[in-house]
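Please examine the structure shown below.

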Amino acid sequence: MVLLNLRSLNKLNFNLDILIPNAYNTPTNKLLINRLIATFFNVPFVIVLIVIFLYYMMSNNLSTYLPLIVIVSVITFYNIFIFFILLYSNYSDTYLKQPKMSGDKFDDTTYYCYEYCQTCQSYKLNRTHHSKKLNCCIYKFDHFCQWLGIVINYGNYKLFLQYIILNLINCLIVFVVSLYRLVMLRQWLGLSIMYLALSTLFLLALISLVAVHWKLIYTNQTTVEFLNYRWLKKHDKQNGIIYSPILQNNGNLEYISIKDCNIVYTRDSFISNIRDALGPINIFLLLPTLNSFQTLNLEVSNKLKEQYKNVYKES
């Protein structure tokens with residue numbers, strides 16, 4: 001048996017070495033530059049593009065485009081606000097790091113065999129992965145987003161979805177207006193073509209991203225789990241790789257079959273899967289709030305418990 005190194009799934013990085021002198025070429029400085037670049041493209045760059053677009057829309061008929069101008073303006077500034085909350089989430093341990101777990105936290109009756117992180121000196125609970133970029137164990141780690149320069153996990157996943165969906169709405173408005181002005185009005189042809197090309201590019205990327213994440217929510221999987229299980233199905237024909245969670249019964253380990261990897265955390269209803277992904281379903285669901293570790297459900301699914309009921313036997 002070998003242990004799959006999940007870090008190998010996140011090797012798509014910007015090459016920042018050329019931007020940093022060797023004396024300062026450290027992971028911390030690379031992350032800082034990544035975040036500065038992300039801030040530039042998500043705040044001042046977006047503001048400039050939107051201001052030019054709004055002026056370009058208003059130049060024809062203000063009364064016609066006023067509702068769209070208000071919608072685009074509100075979404076843009078609300079998204080900038082969300083962006084800074086997302087950045088903050090990676091500087092707050094409450095919404096990022098798994099609390100340290102020592103051996104005395106568990107007893108012989110636990111259903112899981114937890115991996116131990118030598119770097120953090122702590123056991124890793126289900127769905128926890130060590131982030132090399134942040135040098136800590138992240139609870140319910142999803143992926144590192146290069147575009148935002150942050151780790152996406154349970155704490156900020158809801159805000160991440162809000163951010164990409166609102167950007168999708170803005171891009172759709174820009175696409176429709178640009179296409180209308182190009183085809184019907186034949187005004188500002190250069191700007192129309194530029195905004196049409198940019199909005200088309202971002203629309204395709206954002207629609208794909210939203211579709212993928214809603215599929216992951218439907219099956220209650222994170223990005224890293226989905227990539228991990230897909231890799232396992234393709235390369236581990238003999239079911240010889242250990243992957244989390246590992247079940248145990250009185251010290252005897254029982255490994256989950258690859259064919260069951262897509263039901264590890266799937267709940268009994270789609271609403272329950274949404275709750276696991278986005279946090280408690282209440283009046284704060286649509287507000288720009290972060291989720292804490294205390295509301296996270298780390299239990300495996302009832303389907304998996306039924307499949308391995310010799311482990312989950314009634315006491």
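**Cysteines and a helix crossing**

C136 counts as buried, at 5% relative accessibility; buried means under 20% relative accessible area, exposed over 50% and partly exposed in between, with a 1.4 Å probe and protein chains only. This is a predicted model, in which local features need pLDDT of at least 70, side-chain atom pairs count only at pLDDT 80 or more, and totals for chains, interfaces and linings use all residues. Residues are numbered from 1 along each chain as its sequence is written, and side-chain values use heavy atoms, with hydrogens and water left out.

The closest cysteine sulfur to that of C136 belongs to C120, and at 6.2 Å it is too far for a bond, since a disulfide is a pair of cysteine sulfur atoms within 2.5 Å. The structure holds zero disulfides. C117 is in no disulfide either, the nearest cysteine sulfur, that of C137, being 3.6 Å away. C117 is also buried, with a relative accessible area of 6%.

Attention now turns to two helices. Helix α5 (residues 189-219) and helix α7 (residues 270-278) have axes that come within 7 Å and cross at roughly 115°. Helices here are DSSP runs of H or I with at least four residues, numbered from the N terminus; axes are lines fitted to C-alpha atoms over the stretch in contact, and angles run from 0 to 180 degrees between N-to-C directions. From α5, the contact (heavy atoms within 4.5 Å) is made by W214, I217 and Y218, and from α7 by F270, N273, I274, A277 and L278.
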